[in-house]
Amino acid sequence: MSSLAPRIDAVDDRIACALDRVGVRLLRYAVGLVFVWFGALKLVPGLSPAEGLVAATMPLVPAEVFLPVLAVWEILIGVLLCVRPGVRGALLLLALQMPGTFLP
């Protein structure tokens, strides 16, 4: 039993080192994929569960105009998060989008 512990520790160290190298990148890809997915849902009328909430939150702009703009905005954030040179642009777009997300 005692000879098993060092092997487990060695495997754990290898996994931790690998995640240390690629963890932030994988997290960026995961969040980017979520943004692309939710944006794509907003492009199809009636498919997004947030459609009614978005329409109710933005009464000054017609939902037929605002939803596609928001959808493309979210897809752009997602794509830029997945492409290394676009991360700064994604963070700018995200900073502009977040207050609207917290509005409801």
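Modeller: A residue is called buried under 20% relative accessible area, exposed over 50%, and partly exposed in between, with a 1.4 Å probe and protein chains only. This is a predicted model, in which local features need pLDDT of at least 70, side-chain atom pairs count only at pLDDT 80 or more, and totals for chains, interfaces and linings use all residues. Residues are numbered from 1 along each chain as its sequence is written, and side-chain values use heavy atoms, with hydrogens and water left out.

Biologist: Is Cys 82 buried or exposed, or in between?

Modeller: Cys 82 is partly exposed, because its relative accessible area is 32%. Cys 17 is likewise partly exposed, at 45%.

Biologist: How many disulfides does the structure hold?

Modeller: A disulfide is a covalent bond between the sulfur atoms of two cysteines. The criterion here is a pair of cysteine sulfur atoms within 2.5 Å. The structure holds zero disulfides.

Biologist: How should I read the helices, and where is the kink in α1 centred?

Modeller: Helices are DSSP runs (H or I, at least four residues), as strands are (E, at least two), numbered from the N terminus. The bend at a residue is the angle between axes fitted to the seven residues ending there and the seven starting there. In α1 there is a kink of about 55°, centred on Val 22.

Biologist: Which residues of α1 are buried, and what covers them?

Modeller: Arg 28, Gly 32, Phe 35, Gly 39, Leu 41 and Lys 42 are buried in α1. Contact means heavy atoms within 4.5 Å. The cover over the buried residues of α1 includes α2, α3 (63–82) and α4 (87–102).

Biologist: Why is Lys 42 classed as it is?

Modeller: Lys 42 counts as buried because its relative accessible area is 10%. Leaving aside residues up to four places away in sequence, Lys 42 touches several residues, among them Val 54, Leu 67 and Glu 74. Although Lys 42 and Ile 75 are 33 residues apart in sequence, their C-alpha atoms are 9.9 Å apart in space.

Biologist: What can be said of Glu 74?

Modeller: Glu 74 belongs to helix α3. With a relative accessible area of 7%, Glu 74 is buried. Under that sequence exclusion, its contacts include Phe 35, Gly 39, Lys 42 and Gln 97.

Biologist: Where is Val 44 placed?

Modeller: Val 44 lies in the loop between α1 (4–43) and α2 (51–57). Val 44 is partly exposed, with a relative accessible area of 39%.
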